[in-house]
Amino acid sequence: MTATASNPGPRIGIDMGGTKIEAILLGADGAVAHRQRLATPREDYAACVDAIVTIVELCDGKTGVRCPVGVGTPGAWRDDVKAMHNCNSTWLNGRPLLTDLQARLGQRVRMANDANCLALSEAQDGAATGSRCVFGVILGTGVGGGIVIDGSLLVGRNAIAGEWGHTPLPWLHHDSLMPSPLATLEASLSRRPCYCGRTDCIETYLSGPGLARTHHELTGERLDAMQIGSSTHALRARTLDLYMHMLARSLAQIVNVLDPDVIVVGGGVSQIEALYTRLPVLWHPYVFSDIVTTPVVAARHGSASGVRGAARLWRAD
């Protein structure tokens, strides 16, 4: 079965991120006809392949046909070496995931980074519909980014376009533009090694676990990102304030380089409502423009954006 932009037919989207492998069956009208979840077999590559094949076959059974499959992965496929790389699910790194899935399911499988899938979903029928240049951000267990230009994904020569989460947090410990009490707090934070082998990547501070670690270092409290973001308690509000400044100057670098029409935010941290009012104010000193009108908006499809975008890989030609 072949899907085209004019006649996509039912498609299966799969999101491998998190503790569950999630799949949807997306109809030609863009509506979700079926949803399926399986637990992610962590640290077991062969079991992950088996789980994806199983979930695809379950979805196929709902239509009676072999549907095109799009897979959103926590990393990227390098076609030149036929292997995955840059996966925070590290047991996938170096593995021939696309090759193995196509051997089991046929050539109906396409693959993209999960942040790319979110950006594609939101650009095509989400919060960024009608925008020419979209930067999609995932602030969840990790930090990812994806770029869509005129409705098509920008993957890049090295399959790393949008991977801002593994650039250094700008002005870490040395932000002279931040209020001095917050600068003092930031200076007290320890250096953070990242699974990628570098130190002080944006992901280690701006992911949900990164926010939780910052709060624990500053207060001794062990809370998750949403507990911190939804609280009016003074110490938690202070941690969130520091996080907002770090995020603002990090996204300002995206505005300086890409100047997108809109920044769409997904992932668990995207549920903190203050992001959308505070970021466009806080990033002004770091953006190379006297006027900054770039909107920051929540993903319209929420946690389903990634899996919807994976299905839409069959409309991305």
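How far apart are the end C-alpha atoms of helix 3? They are 17 Å apart. This model is predicted: local features need pLDDT of at least 70, side-chain atom pairs count only at pLDDT 80 or more, and totals for chains, interfaces and linings use all residues. Residues are numbered from 1 along each chain as its sequence is written, and side-chain values use heavy atoms, leaving out hydrogens and water.

**View 1. Helix 3, residues 114-125.** Helices (H or I, at least four residues) and strands (E, at least two) are DSSP runs, numbered from the N terminus. The expected span of a helix is 1.5 Å times one less than its number of residues. The twelve residues of helix 3 should therefore span 16 Å, and the 17 Å between the end C-alpha atoms agrees. Buried means under 20% relative accessible area, exposed over 50%, and partly exposed in between (1.4 Å probe, protein chains only). Ten of the twelve residues are buried, so helix 3 is largely enclosed by the rest of the structure. Among them are C117, L118 and L120. At the start of helix 3, a side-chain oxygen of N113 comes within 2.9 Å of the backbone nitrogen of A115.

View 2. Two strands pair if DSSP finds at least two bridges between them. Strand 1 (residues 11-15) and strand 4 (residues 69-73) pair in the parallel sense over four bridges. G13 has G70, in strand 4, as its bridge partner.

**View 3. D100 in helix 2.** Helix 2 covers residues 97-105. D100 is partly exposed, with a relative accessible area of 26%. D100 and A46 are 54 residues apart in sequence, yet 9.5 Å apart in space, C-alpha to C-alpha.

**View 4. The largest nonpolar core.** A nonpolar core is a set of buried Ala, Val, Leu, Ile, Met, Phe, Trp, Tyr and Cys residues joined through side-chain atoms within 4.5 Å. This core has 45 residues, and those with the most contacts inside it are L139, W164, L206, L251 and W283. Helix 8 (residues 234-258) gives the largest share, eleven residues. A second, separate core of 29 residues includes V49, A51, V69 and W77. In soluble globular proteins, nonpolar side chains tend to be buried together.

How values were computed
A polar contact is a pair of N or O atoms within 3.5 Å; within protein, one must be able to donate a hydrogen and the other to accept it, and residues adjacent in sequence count only if both atoms are side-chain atoms.
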